[in-house]
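Please consult the sequence and the structure shown here.

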Amino acid sequence: MAAVLGISGYYHDAAAALVVDGRVVAAMQEERFSRIKNDAGLPRRAAQACLAAGGLAAADLDQVVFYEQPFAKLERVLMSLLRTFPRSLRQFPRALAAQLGQKIWVLDQIAEMLDVPRDRVTATEHHRAHAASAFFVSPFARAAVLTVDGVGEATSTALWRGDGDRLDCVGRIEFPHSLGLLYAGLTAYLGFEVNEGEYKVMGLAAFGAPRFRDEFARLVQLHGDGSFELGLDYFGHLADAELGFGPRLEALLGPRRPPGKPWDLEHSAEDRRYADIAATLQAVTEDALLALAREAGRRTGADALCLAGGVALNAVANARLRREAGFARVFVQPAAGDAGAALGAALLGALGRGDPRPAPLASAALGTAISAAEAQALAEQLGLRWRRLDDVPAEVATRIAAGQLVAFCQGRFEWGPRALGQRSLLAAPSSPATRDRINRVVKRREPFRPFAPAVLADRAGELFADAPSDLTPFMTTVCPVRAERAAALGAVTHVDGTARVQTVAAGGALHAVLDAVGDATGVPVVLNTSLNGPGEPIVAAATEAVAFLVAHPIDALIVEDLLLTREAT
Amino acid sequence: MRWLVRLVTPIVWRIPGHAGRKLHGFARAEEGSRIDLLQAARQTPSVVRRARYLRHALDETRHAAMFARASARLRRDDGRPPLGPPVADTEELFERLGEVGFLAFVHRGERRGRQQFEIYRDHFARRGDARTAAIFEAILADERQHEGYTREVLVEVAGGERPARAALRRAARWEAWRTWRRAGRFVVERLYTVAMMALYVAIAPLALAVRRLQPARRGWLPPGED
């Protein structure tokens, strides 16, 4: 029996996860503590918070596992720089400085950061960590596992056979051929930030038509065996990691969209063309993933599929895989991106030490708890009104039914990029005006981005086709909204008639709220969006929750059983 | 120093594109300050100071948004694309300097910011750009308040006027040392880049060999170590 800490970091989304005696005790992203979105450092605070959650000191750890092998990565970076000579001229000094000055020493730095003996710190393969993060917490005894991201050490895509506590690689595709980097390159081309704007591209795609198939056939070729190949001349990731695409891409698709320019899909033909490019990218990515998943099924013979890697956060593609890839069941854990690999690294370490495989992941509430007492003390200082509630669900339901925006903080914060009811902003799901209000005055984000519904799991099928499923508890898929219920779900229905559904099982605070909302309105659904301002990480502690109330024109904040408002309650 | 800023401001702010870039730089600085203050709010043991840091952080959020919008407007007027949302890092000032050192550093920063913004407000008012001048004026009101409260809290936390002045001197020395190190890093980075360029040219034969003998692999590869 062992205590193992998994670590991801030094790229983006630093995170830590703690597995004790084969049980997932805690898993947290550093950004929640540092307040830097997609924090790319080492997860010092997250690691300490994981240890605190487990009641352990660093000295109690049997092993610390980093999510990739630094020297294998150095080799890939060097080979890539040499292969692209002389185009890699700009990248060469920066890449060497990052690798030699920082990244290859990461295991020593982790030992120093945690004050543990260096021989307790090990590294695992990046894609193996991804695969472990999905399969070992899935509900499946056997499954095909598909890992797809930008790049790990050298691999960009891998197929695995998961069986009990074993994971065997059955095929892989190497950098520079990468679906993650294809999506990232086009994300940058469309004027969004890489590693952050991919969700926006996915939302934008629904507004366009995939009419650039011929052009995209030059960007990525799909082969009959499920593999793919990028048209490398169009991309910049070989020679310049910052830009992601090359001048030939602009020659092919037209000039890039300037970052930060407001979108106007209604009146701007140019913006509609960018939406068509996003739609084509989404369609081509789905085709590629579908071919990979079918190949995974063919090679493993499994009837269940697990997905991990940043590309597995593409909820629209996941829905298509579930429908068309030929698997009976599909699972994606909530932190499928690089943060999630910290969990996989910890699980690999634990299994390697003979610990049992953990139980399937039932909840993403693996962060630190929130303190109502702290929120109350702060509210008093800031002159906010507060009162303790006897019936939290009834209060939330009443306010939502009245069209209010309610910030809702309960228990430990979520693992992954989605608010799943622990740090959420809740509203009525019916009126598109609510959606527009949140977009305009709270999120200040692009008007084409959809909001997600949370629904009682046992009533999800009445409102959404394909729900519930293994994907819906963690909001990693989309489901068609049933036409006859569309009027009641206007704020959470995307332009293509789908919604990124979260199904909520009995037992938690959000379930009780949905029950009460169902009683009040007849529709057990709320609009559920993350509790954060533009460009900020999701709220973690009471300090940020209260700050959110002060800074945004919402109607109420509920922290455990404490109601906070700006005006008299 | 203020006379120098007053002297060069009319010249450098006329450089095409400078104003938009500079305002975006202010937005980034405000964003960085916001993160530092939020971290301070999390870490201070006093709920009274937590509330004050939080209010200050919310002001910085607003300032960052105002500067970013003004930057985008000026760049649009110049026919240039906006520079996007301001993104900043943190120096972990509260942890590194302790609460007294942090307050001294923030106080000095607020005073310096207030002095600079007064010059820039006057500059834009003279140029007839009332809109940009008004932004500086609006932010100046907050900067004065921040300057005042950080001094007041510094005296309280440091335990009196004399230790507060000592903390301000230490903060000044720390800033000077940081500037020196930054200058050193600037020089070393240039030397490093030149050395790397020379190395890059020297490895040309190796690069040609790698391209010939070990090209990037495509399609499915057998399982094995990544």
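Where is the place of M475(A)? M475(A) lies in the loop between α17 and β17 of chain A, where helices (H or I, at least four residues) and strands (E, at least two) are DSSP runs, numbered from the N terminus. The model is predicted, so local features need pLDDT of at least 70 and side-chain atom pairs count only at pLDDT 80 or more, while totals for chains, interfaces and linings use all residues. Residues are numbered from 1 along each chain as its sequence is written, and chains are lettered from A and ligands numbered from 1 in the order in which they are written.

**Backbone features**

Most residues other than glycine have a negative phi, and most peptide bonds are trans. M475(A) is not a glycine, yet has a positive phi of about 60°. M475(A) counts as buried because it has 26 C-beta neighbours inside 10 Å; the classes are buried for 20 or more other C-beta atoms within 10 Å, exposed for 12 or fewer, and partly exposed in between, with C-beta atoms placed from the backbone. A positive phi, near 55°, is also found at N38(A), in the loop between α1 (31-34) and α2 (44-54) of chain A. N38(A) is buried too, because 20 C-beta neighbours lie inside 10 Å.

| Residues joined | Omega |
|---|---|
| F175(A) and P176(A) | about 10° |
| A467(A) and P468(A) | about 0° |

P176(A) is placed in the loop between β8 and α7 (179-189) of chain A. P468(A) belongs to the loop between α17 (460-463) and β17 (479-480) of chain A.

**Nonpolar cores**

A nonpolar core is a set of buried Ala, Val, Leu, Ile, Met, Phe, Trp, Tyr and Cys residues joined through C-beta atoms within 7 Å. The largest such core has 236 residues, and those with the most contacts inside it include L305(A), A407(A), A545(A) and I558(A). Helix α11 (residues 269-300) of chain A contributes the most to this core, with 13 residues. A second, separate core of 15 residues has A19(B), F26(B), A68(B) and A72(B) among its members.

Contact here requires C-beta atoms, placed from the backbone, within 7 Å. Setting aside neighbours within four places in sequence, the contacts of A407(A) include L425(A), A545(A), F548(A) and I558(A).

**Interface and helix packing**

At the interface, 47 residues of chain A are in contact with 40 residues of chain B. Elements giving two or more residues to this side of chain A include β8 (166-174), α14 (372-382) and α19 (542-551). The largest share, six residues, comes from β8(A). This side of chain A comprises 24 nonpolar, 13 polar and ten charged residues; Ala, Val, Leu, Ile, Met, Phe, Trp, Tyr, Cys and Pro count as nonpolar, Asp, Glu, Lys and Arg as charged, and the others, Gly among them, as polar.

The axes of α14(A) and α19(A) come within 9 Å and cross at roughly 40°, which makes α14(A) oblique to α19(A). Angles under 35 degrees count as roughly parallel, over 145 as roughly antiparallel, 65 to 115 as roughly perpendicular and the rest as oblique. Residues making the contact include L378(A) and L382(A) of α14(A) and A545(A) and V546(A) of α19(A). By class, this contact has eight nonpolar, one polar and one charged residues.

Notes: Two residues are in contact if their C-beta atoms, placed from the backbone, lie within 7 Å. Axes are lines fitted to C-alpha atoms, for helices over the stretch in contact, and angles run from 0 to 180 degrees between N-to-C directions.
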